[in-house]
Amino acid sequence: MSSADITSDLPEGHAIPRQWIVTAGRIALAVALLAAWEWGARAFGPLFFAPPLATAQRIVEMAGNGKLLTDTIATLRVSALGFVIGCAAGVALPFLLRLSPRATAAIEPFILASMGIPKYALTPWLILWFGIGDAPKVVVVTLFVFYIVLITVFAGVRGVDQRLINMARIIGASERTIARKVIWISLLPFFFTGLKVALPRAVSAAIVGEFLVAVEGIGFSIERARQLSDTTGVFAGIVVAVTLVLIINAAVNALERHALRWRPTDRDMQL
Amino acid sequence: MTGTQMLQIKNLGKRFPARAGREPPPWIIQDMSFSVGAGELLTIVGPSGAGKSTLLNIIAQIDVASAGEIVFDGERIAGAEQKTLHPGLNRRIGYVTQDDNLLPWRTTIDNVLFPLEVQGALDDAGRTRAQELIGAVGLTGFERYYPHELSGGMRKRAALIRTLVYDPPMILMDEPFAAVDAQTRTQLQEDLLRLWSLKRKTIIFVTHDITEAIALGDRALVLTQRPAHIAAEHPIPIPRPRAVKDIFTMPGFTAIYEHIRADVQ
């Protein structure tokens, strides 16, 4: 992989152990975490700390009766929809604002002020407007994602090398082409940073939304388990949520590696 | 006479806009006039900070003039009253800048094809031309390399042929070979002269290197420090084709060199 360059200078046989060290480190950390978890369960009792094994059994059970799938789909539906809307708006607005520095200066304080609104606190009001379906949760997710993507993409648009834009203008590129083929690609590193922050937030926002209003979903299951003092159910829900975020993150990382494959590999960051 | 003039600069002046409550900023370029003939390779030599890049930016229309006017191919293209810019003058003026400004996410071939792509003119003929130009400057085999994988000289070549690929009649060059080592620079200069002899573009080549100005130019203008204006004009009667690496052995070289050096100071 990316370690090929630097390890090629080293004697044969060193390439594989470098990967192993990382993998071994990960396994060791996972074992340590599980041990701490198990210790917590023994020290404080299952009401305060559901044991790992019981949590795993609960997840298997949920998978067996179909609850795992319906919960995951419900949470994913809300977070994906909110994510797509928030992301599209967060990307589009900086490109629109670029067209008018004066409008940007005028709008900026309002955007900053609106960021201060506590989004979860909006939920009761959103239920008033949109009812108890997916809509109020989608709006909350959208708001979380929108601001994160907006700020990172905005920074990216401002950071584009003006010389590249001048070059593109001189060779006859239209402003639309420049936006698409110069500015957008230049800001991809910023965009992916925003995505990586926004995606877990989208899932947690959907889950918190489900605490307040839902008939299914990971958040709904966690909240119901909490009401029944079913700590194992709470832990199972958290593990499912974490797993979901990890899977999504892995997908984003793969997408990023593909989209930014042109970037020189940073030697200091190699394994 | 007018038929052979490609570009006329008339009493050009440039100063940056005044700020409220401050003294008006000094002129960077003042009362500058010169013209460039069709197919001529004009070199402009002057010290760093003399406003050479500003001059080219105004001609390329990524900056506005504050006084005077510019006539391109018989048509008045810029003047002090100008409100809107037409960068590159609808692809008739190419610009090779000091930085190569290659798009870092595009390979050599995709960078060279970029002008055709954005102009909607990417066809088989364009691809063939790009491939020929890549061959002409010795970049064959490096088509699929990203800019960060190329040497400084290779990036300069890629930037040069990216401008040649869409065939603008006039090309501005702003110290394009300043940042490479002496040996590579000589090679790049010879590449440029060879391509120029084939295509006969009108070129304005700006440099601070007197030897380069003599080796390349049909004529050299000497620019003085701020406000920049033309201090002297030297025809360079050294016959072509010229061997750049032996240029200082050519008869007349020393005399021209001494004259220009005296004018620069």
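Start with chain B. For its 265 residues, a compact globule would have a radius of gyration near 18 Å, and chain B has 19 Å, so the two agree. Keep in mind that this is a predicted model.

What are the spans? Along the principal axes, the C-alpha trace of chain B covers about 55 × 45 × 40 Å. Seven helices and ten strands make up its secondary-structure elements. Of the 265 residues in chain B, 43% are buried. Now the contacts in chain B with a separation of 6 or more: 70% of them join residues 24 or more positions apart.

Next, the place where the chains touch. Chain A puts in 15 residues, and chain B puts in 19 residues. Which helices of chain A each supply at least two residues there? They are H8, 162-170, and H9, 175-186. H8(A) gives the largest share of chain A's side, seven residues. By class, that side of chain A has nine nonpolar, three polar and three charged residues.

Now stay in chain A and look at helix packing. Two packed helices are described by the angle between their axes and the distance between the axes.

First pair on my list: H6, residues 123-130, and H7, residues 135-159. In chain A these pack at an angle of about 130 degrees, with axes 8 Å apart. That angle makes H6(A) oblique to H7(A). The crossing is right-handed. From H6(A) come A:Thr123, A:Leu126, A:Ile127 and A:Phe130. They meet A:Ala135, A:Pro136, A:Val139 and A:Val140 of H7(A). By class, this contact holds seven nonpolar residues, one polar and no charged ones.

Now H7(A) again, with another partner. Helix H10 of chain A, residues 188-212, packs against H7(A) at an angle of about 165 degrees, and the axes are 8 Å apart. Parallel or antiparallel? That angle makes H7(A) roughly antiparallel to H10(A). H7(A) passes H10(A) in a right-handed crossing. Residues on the H7(A) side include A:Val141, A:Phe144, A:Ile148 and A:Thr152. On the H10(A) side, among them are A:Phe190, A:Val197, A:Arg201 and A:Glu210. The contact of H7(A) with H10(A) divides into 16 nonpolar, five polar and three charged residues.

To wrap up: H7(A) packs with H6(A) at about 130 degrees, and with H10(A) at about 165 degrees. Back at the chain contact, H8(A) supplies the largest share of chain A's side. Over to you for discussion.

Conventions. Residues are numbered from 1 along each chain as its sequence is written. Chains are lettered from A and ligands numbered from 1 in the order in which they are written. This is a predicted model: local features need pLDDT of at least 70, side-chain atom pairs count only at pLDDT 80 or more; totals for chains, interfaces and linings use all residues. Helices (H or I, at least four residues) and strands (E, at least two) are DSSP runs, numbered from the N terminus. The radius of gyration is taken over C-alpha atoms; the globule rule is 2.2 Å times the number of residues to the power 0.38. A residue is buried if 20 or more other C-beta atoms lie within 10 Å of its own, exposed if 12 or fewer, and partly exposed in between; C-beta atoms are placed from the backbone. Two residues are in contact if their C-beta atoms, placed from the backbone, lie within 7 Å. Ala, Val, Leu, Ile, Met, Phe, Trp, Tyr, Cys and Pro count as nonpolar, Asp, Glu, Lys and Arg as charged, and the others, Gly among them, as polar. Axes are lines fitted to C-alpha atoms, for helices over the stretch in contact, and angles run from 0 to 180 degrees between N-to-C directions. Angles under 35 degrees count as roughly parallel, over 145 as roughly antiparallel, 65 to 115 as roughly perpendicular and the rest as oblique. A crossing is left-handed if the near helix is turned anticlockwise from the far one by less than a right angle, and right-handed if clockwise.
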